[in-house]
Amino acid sequence: MSSASEAYDEAVTEALPARQRMLSRVSQSFTPIILLIIVLIFFAFEGTKFLSLRNLNEIAIDSSQLVVLTVGTTFVIITAGIDLSIGSVLILSSVVAAKVMIALSGTPEQIAAFEFPNQHIGIPVGLAAGVVTGLICGVINGLLTTRLQMPSFIVTLGMLGIALGLGQLLSGGTSVPNVPPAVQVDVGLKELVAVDIAGQHLRITPPIVIAYGIALIAAIVLNRTRFGRYTYAIGSNAAASRRAGIDVDLHLVKVFGLSGLLAGVAGAMDLMRFGTASVGSHQADNLAAISASVIGGTSLFGGIGTIGGAVVGAFIPTVLRNGLVIASVPPFWQNVAIGAVLILAVYLDQRRRKAEERM
Amino acid sequence: MVSTVATRAPVLEARNINKHFGPVHALKDVNLSVRPGEVLALIGDNGAGKSTLINVLTGVLPFDSGEIIFDGQPVRFSSPQDAREHGIETVYQDLAVAPHLDAVANIFLGREHRTGGLPGALGFLDNDRMRKETDEQLARLRVRVPDIERRLVTLSGGQRQGVAVARAVMWASKVVIMDEPTAALGVAQTAMVLDLVTQVRDTGIPVIFISHNMPNVFQVADRIVVLRLGEVVAELDPKTASIEDAVGAMTGSMRFARGEANQGE
Ligand SMILES: Nc1ncnc2c1ncn2[C@@H]1O[C@H](COP(=O)(O)OP(=O)(O)OP(=O)(O)O)[C@@H](O)[C@H]1O
Ligand SMILES: [Mg+2]
């Protein structure tokens with residue numbers, strides 16, 4: 001059999017890779033290249049003000065919540081699903097966390113007097129309650145998607161409304177008052193490591209550790225474990241995965257659960273960073289996370305995506321906002337710029353895939 | 001060889017299987033059996049019920065009445081996974097591979113090797129071992145894949161098919177079923193698949209081979225069963241029957257005695 005098939009294989013093997021590998025190597029780095037260009041533009045106009053270590057440190061902190069959300073979203077999108085509910089789940093989680101924290105930190109009279117004798121219990125339990133709230137919402141998303149065989153777009157759109165509404169009901173539609181300030185001062189802003197370099201104060205705070213720790217673990221899980229392998233397999237071909245004996249439904253519940261859990265973590269981070277649960281912001285976080293993930297190379301059709309790319313994608317909005325503020329450009333330009341970057345990144349990505357894939 | 005095969009007990013047997021899809025009577029009292037060491041070709045026109053029969057045999061679809069006997073025991077596979085655990089491997093017509101994964105990941109999909117110790121318990125994959133075993137098996141089976149770590153989307157249709165067929169052959173211990181494994185293939189890749197079919201047969205594992213390509217069927221089959229409109233209408237011996245006979249049976253222009261030579265031990 002032999003020579004005919006060898007000749008065939010050789011022809012196929014030889015003809016494609018050189019060009020393909022080059023293409024994919026170049027374009028897998030599109031997102032970092034775009035980020036680099038943005039950074040260089042700001043650098044050119046604002047110089048060291050933008051590229052100072054201190055400012056980069058702030059960017060890392062400002063991106064932390066979006067990084068966490070984007071990690072969860074990336075898992076979901078790789079399975080060819082979508083989770084529109086994460087922004088609302090974040091809000092609900094932070095409201096629940098704040099309420100639990102307040103309830104456990106002292107009697108109503110003490111709280112009203114802004115005293116928190118039991119905050120050493122209230123703060124950790126409250127944060128955990130926020131995370132669990134997110135997990136529950138995510139698991140419900142997963143169960144509804146798989147049991148009712150409904151598109152995740154619809155299920156999570158429903159959850160978006162439900163979680164937001166519940167968060168508003170619980171909070172009375174405003175920011176939750178009387179959150180123990182220690183959650184911000186002693187947790188969120190705590191300087192785990194602080195150094196002064198050339199007169200610049202650099203700090204590593206819990207949000208940094210949480211966000212980039214989660215991203216690192218997620219990257220390892222996606223690349224090296226069976227959980228990651230099944231995530232790609234299901235997004236690539238759910239029917240084939242089922243026939244290969246993978247419990248597809250259970251895996252999807254886990255993936256949506258993970259996305260919800262991470263939204264809960266981001267909700268807890270909101271309290272740490274800002275000392276209050278606000279129902280006003282974060283409603284567009286779902287789209288920000290999806291954009292970040294897709295800009296980072298995740299395919300909405302499933303089967304493709306990396307955590308590294310998604311994290312770089314999550315930096316782009318923060319860097320843009322930060323740079324525009326420094327350059328005193330109206331920050332509304334941020335939305336325009338992110339929209340343009342999204343379209344450009346996905347266009348380049350599609351071209352690469354068409355060149356590479358033969359299906 | 002065929003004569004000794006005929007005396008062996010069937011590995012897998014369908015008895016009086018009926019299957020409806022709503023008003024469509026897709027399988028009518030179908031009887032079929034395969035014995036160790038034979039290639040059984042299943043042929044029939046589009047919509048004859050070949051894929052349905054395979055899906056019923058391998059637990060993809062439930063059936064309405066009848067019996068499936070595996071290794072002498074009545075069985076009802078609850079899922080394709082169940083059938084696989086019994087040593088029955090299938091190459092499905094709608095190619096069941098994950099195109100964004102590479103050949104190694106596809107071959108081991110659902111049966112991944114994990115590393116030892118705590119990392120293994122956490123789900124860490126032993127990619128080196130899977131890669132090595134894939135290399136060995138593909139070499140043994142003489143299946144050529146340009147690079148087993150390239151995602152299948154970047155391979156040709158034939159190469160992808162090669163991976164799907166190799167996976168089935170590699171894991172099967174009792175029966176291999178191939179539903180049109182050569183449909184999209186060129187000459188060289190078809191030759192490779194037919195070579196695999198005979199290799200498997202020669203190890204004693206029977207193959208159920210579905211194809212519309214009559215020369216291929218006559219080349220590899222030890223026995224040919226013809227389905228028409230959900231019924232077994234003929235059983236042919238490729239050594240004595242002609243392609244015209246087979247086509248006649250498929251289209252209904254020729255009638256045959258409904259020989260079920262394998263009924264009864
Ligand atoms: N899931 C289904 N729902 C309804 N009808 C079905 C389904 N699957 C198959 N059928 C019907 O059952 C009959 C047999 O189809 P089947 O796919 O088994 O044919 P086949 O012999 O494999 O044909 P082909 O050569 O085209 O692959 C056809 O009439 C088909 O329309
Ligand atoms: Mg068919």
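Trainee: In this predicted model, in which sense do strand β4 and β5 of chain B pair, and over how many bridges?

Mentor: The model is a predicted one, and in it strand β4 of chain B covers residues 65-70. Within this pair, I69(B) stands opposite P74(B) in β5(B). The pairing of β4(B) with β5(B) is in the antiparallel sense, over three bridges.

Trainee: Which strands stand at the edges of the open sheet of four strands in chain B?

Mentor: The order of the strands in this sheet is β2-β1-β4-β5 of chain B, with antiparallel pairing. On average, neighbouring strands are turned by 30° against each other, direction ignored. The strands that pair on one side only are the edge strands, and these are β2 (24-34) and β5 (73-75) of chain B.

Trainee: Which helix packs on that sheet, touching β1, β2 and β4 of chain B?

Mentor: The helix touches β1 (12-21) along with β2 and β4 of chain B. Its direction makes about 65° with that of β2(B). The helix, made of residues 50-57 of chain B, is α2.

Trainee: Which residue takes a positive phi in the hairpin of β1(B) and β2(B)?

Mentor: The two strands pair in the antiparallel sense over seven bridges, and L12(B) stands opposite V34(B) in β2(B). The hairpin has two residues between the strands. The residue with a positive phi, near 55°, is G22(B).

Trainee: Why is one side of β6 and of β10 of chain B left without a neighbour in the sheet?

Mentor: These strands belong to an open sheet of six strands in chain B, which has the order β6-β7-β8-β3-β9-β10 and mixed pairing. From one strand to the next, the twist averages 20°. One side of β6 (88-91) and of β10 (231-236) has no neighbour because both stand at the edges of the sheet, each with a single partner strand.

Trainee: Which residue in β9(B) does A41(B) stand opposite?

Mentor: Strand β3 of chain B takes in residues 39-43, and strand β9 of chain B takes in residues 223-228. The two strands pair in the parallel sense over four bridges. The residue in β9(B) that stands opposite A41(B) is I224(B).

Trainee: At about what angle to β8(B) does helix α8 of chain B run?

Mentor: Helix α8, residues 187-202 of chain B, lies across β3, β7 (175-179) and β8 (207-210) of that chain. Helix α10, residues 243-251 of chain B, lies across β3, β9 and β10, running at about 25° to β9(B). For α8(B), the angle to β8(B) is about 155°.

Trainee: Which residues in α10(B) are buried?

Mentor: What covers the buried residues of this helix includes β3, α9 (214-220), β9 and β10 of chain B. Just after the helix, G252(B) takes a positive phi of about 90°. The buried residues in α10(B) are A246(B), G248(B), A249(B) and M250(B).

Trainee: Is A215(A) buried or exposed?

Mentor: A215(A) is found in helix α12, residues 206-224 of chain A, and, not counting residues up to four places away in sequence, A215(A) touches V67(A), V71(A), I307(A) and V311(A). A215(A) and A310(A) are 95 residues apart in sequence and 9.4 Å apart in space, C-alpha to C-alpha. The cut-off for a buried residue is under 20% relative accessible area. With a relative accessible area of 9%, A215(A) is therefore buried.

Trainee: Which element gives the largest share of the lining of the largest cavity?

Mentor: The largest cavity has a volume of about 160 Å³, and among its 17 lining residues, the closest to its centre are R84(B), E89(B), T90(B), Y92(B) and R167(B). At least two residues of the lining are supplied by each of α14 (238-243) of chain A and α3 (80-85), β6 and α7 (157-171) of chain B. The largest share, four residues, comes from β6(B).

Trainee: Which element gives the most to the lining of the second largest pocket?

Mentor: This pocket has a volume of about 560 Å³, and of its 20 lining residues, L66(A), D285(A), A288(A), R321(A) and Q334(A) lie nearest its centre. By class, the lining has eight nonpolar, eight polar and four charged residues. The element that gives the most, with four residues, is α16(A).

How values were computed. Residues numbered from 1 in each chain as written. Chains lettered and ligands numbered in written order. Predicted model: local features only at pLDDT ≥ 70, side-chain atom pairs only at ≥ 80, totals over all residues. Heavy atoms only, no water. Pairing = 2+ DSSP bridges. Axes fitted to C-alpha atoms, helices over the stretch in contact; angles between N-to-C directions. Contact = heavy atoms within 4.5 Å. 1 Å grid on protein atoms, 1.4 Å probe; cavity = no way out; pocket = protein on both sides within 12 Å on 5 of 7 lines; lining within 4 Å. Points joined across faces, edges and corners; volume = space filled by probe spheres on them. Nonpolar A, V, L, I, M, F, W, Y, C, P; charged D, E, K, R; others polar. Buried < 20%, exposed > 50% of the residue type's maximum accessible area, 1.4 Å probe, protein only.
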